[in-house]
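Here is a short walk through a structure. Keep the sequence and the 3D view side by side as you read.

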Number of protein chains: 2
Amino acid sequence: MPLPEKDAIIFHPIGYIRSPFKTVEGMPIQPSGAKDAVGKIELHGALEEGLKDLEGFSHIILLYHFHKNEGYKLTVKPFMDTVERGLFSTRAPRRPNMIGKSTVELLSIEGNILNIKGVDVLDGTPLIDIKPYVSKFDAVPATRFGWLETNAEKSATLKSDERFAED
Amino acid sequence: MPLPEKDAIIFHPIGYIRSPFKTVEGMPIQPSGAKDAVGKIELHGALEEGLKDLEGFSHIILLYHFHKNEGYKLTVKPFMDTVERGLFSTRAPRRPNMIGKSTVELLSIEGNILNIKGVDVLDGTPLIDIKPYVSKFDAVPATRFGWLETNAEKSATLKSDERFAED
């Protein structure tokens with residue numbers, strides 16, 4: 001299912017995320033399932049000045065590369081379900097663009113190192129961006145959650161399995 | 001401030017966002033300032049099957065390329081402030097990786113077209129990913145909002161100016 005090669009968007013890691021999760025198996029699948037997991041961000045040293053004022057925020061949004069995944073299918077059986085769902089209605093890592101989003105608690109900043117809590121990503125994950133979490137922008141009065149309406153509740157205790165491992 | 005070229009992350013647009021905003025000037029700066037703006041996503045036709053089940057969600061998260069921006073500084077004066085802030089404590093579009101995130105209301109889906117509301121991006125913006133908005137994952141009990149604590153309130157009425165236009 002190749003997308004047009006034109007208009008490629010080229011990003012470079014601004015740093016790397018360190019976490020207790022060394023393999024996909026046993027990894028929590030969302031921050032709500034990893035709320036006590038502590039990790040850190042090693043930001044590229046040249047970008048340290050960009051962290052000014054960030055410590056005033058209790059939470060930050062991380063955008064990162066699902067670097068251990070390859071290929072995707074347009075319907076998948078998510079962790080939280082046994083039915084095939086449309087890929088874009090899931091948070092599965094294997095997507096046309098392998099990009100993940102997590103909101104984590106910012107504990108402290110020391111130089112170019114950010115200590116974070118609630119980290120639900122693999123150790124060594126390449127970081128694409130950090131944004132401050134602002135309820136007014138990021139929390140919306142959503143009313144419907146599709147197939148996740150009831151299933152999201154389960155995610156707090158579910159662990160990743162090999163469902164999304166390489167074929 | 002070049003980042004290491006190694007480990008480049010290459011994405012391709014999965015579609016394009018259509019909005020009423022043809023130029024940066026006069027554009028609302030967050031969905032809260034564009035809550036009635038209606039637009040659409042033209043998803044690449046080959047990906048249509050991936051939209052299955054998405055219509056059950058009232059809101060979706062869009063990740064997209066700030067394609068009209070070039071270069072960045074590590075401190076910026078945000079729209080909502082008159083003081084230089086660390087780039088990563090802002091939502092400014094000119095960042096090491098020019099990636100934006102917005103949560104919008106999903107009105108309906110017709111084939112590969114998604115009708116959306118609360119769109120705060122430029123017409124023609126390349127789309128990188130669509131994720132379902134799930135309060136449990138995306139809304140967190142944040143307690144501190146740094147310099148945006150009071151200033152975010154203003155954003156509902158502020159419009160973009162030329163602060164982030166090309167030099």
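To compare two copies of a chain, they are superposed by least squares on the C-alpha atoms of residues with pLDDT of at least 70 in both. That cut-off applies here because the model is predicted. Two copies of a chain are related by a rotation about an axis and a shift along it.

Now apply this to chains A and B. A rotation of 180 degrees superposes chain A on chain B, with 0.0 Å of shift along the axis.

Next, look at a single copy. Chain A contains 9 strands and 2 helices. Their order along the sequence is β-β-β-β-β-β-β-β-β-α-α. Chain A has 167 residues, and 49% of them are buried. Now consider contacts in chain A between residues at least 6 apart in sequence. Of these, 77% join residues at least 24 apart.

One residue shows how sequence and space can part ways. Asp36(A) sits in the loop that runs between strand 2 (15-18) and strand 3 (38-43) of chain A.

Now turn to the interface. How many residues of chain A are in contact with chain B? The count is 67, and they meet 67 residues of chain B. Several elements of chain A each supply at least two residues to this side. Among them are strand 1 (9-11), strand 4 (59-65), strand 7 (99-110) and helix 1 (135-138). Strand 9 of chain A gives the largest share, 6 residues. By type, the side of chain A that touches chain B has 36 nonpolar, 17 polar and 14 charged residues.

Which surface does each copy use? Of the interface residues of chain A, 100% are also interface residues in chain B, so the copies meet through the same surface.

Strand 1 of chain A pairs with strand 1 (residues 9-11) of chain B. The pairing is antiparallel and spans 3 bridges. Within it, Phe11(A) has Ile9(B) as its bridge partner.

Methods
Residues are numbered from 1 along each chain as its sequence is written. Chains are lettered from A and ligands numbered from 1 in the order in which they are written. This is a predicted model: local features need pLDDT of at least 70, side-chain atom pairs count only at pLDDT 80 or more; totals for chains, interfaces and linings use all residues. Two residues are in contact if their C-beta atoms, placed from the backbone, lie within 7 Å. Helices (H or I, at least four residues) and strands (E, at least two) are DSSP runs, numbered from the N terminus. Ala, Val, Leu, Ile, Met, Phe, Trp, Tyr, Cys and Pro count as nonpolar, Asp, Glu, Lys and Arg as charged, and the others, Gly among them, as polar. Two strands pair if DSSP finds at least two bridges between them. A residue is buried if 20 or more other C-beta atoms lie within 10 Å of its own, exposed if 12 or fewer, and partly exposed in between; C-beta atoms are placed from the backbone.
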